[in-house]
Amino acid sequence: MSENRPATSHRHLAVSGSRLAAAALMLFATGGFAQSPAPIQIVADLTEAPRKLYHAEIDLPVKPGPVTLTTPKWIPGNHRPTGPVDDITGVVFTANGQTLPWRRDDVDLYEFHLTVPAGVTSLHAHLDCIVTARATTKMAVLEWEKLLLYPAATPVKDIAVQASVTVLAGWGIGTALTPVESGMAPPPVTGVDEAGHSPLPGSTTTHYAATTVEQLEDSPVIAGQYFHEFPLAPEIAPKHYIDVVSDMPEDSNLRPELLAELSNLVRETGAMYGPRHYNVYHFLLTLSDVAGGEGLEHGQSSDNGVDEKTFSDQTHQLGEADLLSHEFTHSWNGKYRRPARLYQPDFATAQQGDLLWVYEGMTQYLGNVLAARSGLKSQEQYRDLLALSAANLDNKPGREWRSTEDTAISSSILRGGAPTWANWKRGQDYYQEGELLWLDADTLIRKLTSDQKSLNDFEHIFLAKGGNTGPLIVPYELPEIVADLNQVVAFDWAKFIHDRIMGIDPRADLAGIAQGGYKLVYADKPSKGESMLASANSRRGAGIDVWYSIGLRVLPDGSITDVRWDGPADQAKLAPGQKIIAVNGVVFSGDALKAALRDAKARPEPIHLILQTNTFVTLADLDYHDGERYPTLVRVEGTPGYLDEITKPLTTPPPGSQPAPKAATDE
């Protein structure tokens, strides 16, 4: 059942003072604070989010002498050095009322050097952060790297910190941090020329329990005027919530159907993964057309940002149906179990991503399976989107020279790349390649064991080690993966992985689809799922789909963003950046281009294009006659239907927990 609560400064944990104190003590003990000095105190001021500014007042325990402080550089989950040091401004250090000089490190620009005077035990720092995304007039999102400052060259799990957050009057807060006191007055503002940037009257501050820098960085905050919090699967322990902020008041009041699906998701993860590795879990969701998108995993929460109408109905939901299940899965696979060299003792050491096909690839597979099992998308929609992903990989010529492992190793330089010739360069293919590999492994296990075992058995070994825990990181290397798979069923899993991940293969791994009872084919009409993505203007359905025919990615205005290497358009010497003006003598439109594809199937003449390249106009002929081609999966009769079996729910919702179905005439 959904719960609609009015916005207050904080309302996602209604617990007694004794329980709050106990929780704080537990966090203090598990963070290794016995070896640490008093916690750093940080107050994050989000009241100027509408003006694209955050502020922080920080008190650090120090000793006299040279001190080096740092801000985070390598952000867990981003797989590259994205710490926003260039946006951190207004940095001022004071001690005993005196401003202290500082100097940035000449090599590591994230570090600040200063000397603490004799007799000083507490150093105060003020800093601001220019916020270029995830902040609007009505909401703010704080990922702590924007404001954190702490001792350099020290394991972040050993640095104690206690955070507070200040928001505008009437704004609610969502976070997995444990509140200990709310409704407090904001602290005095320090810094240089900051008088005009103090919190407005009525702003309030919430104090949270002490934790570590490692865990604080892993605990984002959302806040907003239109805030709602909804409990999920209330019979499950520990507790789960979805916290929502939006730019428009109606958007944060989520549909009962969506809340039921998310409650199913919580139940399904218990069946799939077993023990849980958090004390509480918060899905943090922002709904905004201007704040920008996000999908970032955390141990006890996830930071999810989508367009404001994304979850307004099933049609809009499809393009992001796996977002919450993907990020939730990361609490087990990526946060609790993490590749050993991707997990570093601090946020300054470079992370090594060669096992991201497990971290992200297996999560891509499991997140999509969970979305189908929980009802966030149907089994048919799961197959339709799997066909799109598999076809994309099977028509990616860059796999002729670059292995999947190399896309993982190179993740920090491949993220955020331009679409120009991306099919030859390859991008973060370890996501979708990993999805196909783990589908292959799942169906192979079912085949080898006569459907008596599955990848679920592997998850119960690999992700369940240690039983139920709080937030914890347990590193692994590849030999453990191989050993755990062999514990499920004996097979040459080392070769299986090497051939698919480390080797060069011009074709995608479609064995899992075949073993699952289906075949990837190309039809002359889009699947229902692809059509739904296009009708909702989803980012996954944007553009005109002629990739599998003439080998072009084309925007609705005719702009070419990519050309498939060695495809018909490449052979005709088309280039990314060109714009199609006309097709066969007709002004360009998506319908005109597709009509030309259909006509060419019955005619020997090429398709004639008029193209604009910068300020020049050129002509091109496409010698293509195979019509429209859209990927889809078809059932192979007489074979085991493992793919349908995999996407069936493992749990049954409690009676009364699902909303009544709508009548056929309801909207």
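Guide: pLDDT is the predictor's confidence in each residue, on a scale from 0 to 100. This is a predicted model; the mean pLDDT of the protein is 93, and 93% of its residues reach 70 or more.

Visitor: Which residues have a pLDDT under 50 and 78 contacts beyond four places in sequence?
Guide: Residues 1–36. Another stretch below 50 is 663–667, with 1 contact in the model beyond near neighbours in sequence.

Visitor: What makes the largest nonpolar core a core?
Guide: Its members are buried nonpolar residues joined through side-chain atoms within 4.5 Å, so the set of 80 residues counts as a nonpolar core. I242 and W438 touch the most other members. Helix α12, spanning 430–448, gives the most to this core, with 9 residues.

Visitor: Which residues does W438 touch, leaving out those up to four places away in sequence?
Guide: W357, V358, G361, M362, Y365, L455, F458, I481 and L485.

Visitor: Why are β29 and β31 called edge strands?
Guide: The open sheet of 4 strands has the order β29-β28-β30-β31, with antiparallel pairing. β29 (586–587) and β31 (616–622) each have a single partner strand, so one side of each is left without a neighbour in the sheet.

How values were computed:
Residues numbered from 1 in each chain as written. Heavy atoms only, no water. Buried < 20%, exposed > 50% of the residue type's maximum accessible area, 1.4 Å probe, protein only. Helix = DSSP H or I, 4+ residues; strand = E, 2+ residues; numbered from the N terminus. Contact = heavy atoms within 4.5 Å. Pairing = 2+ DSSP bridges.
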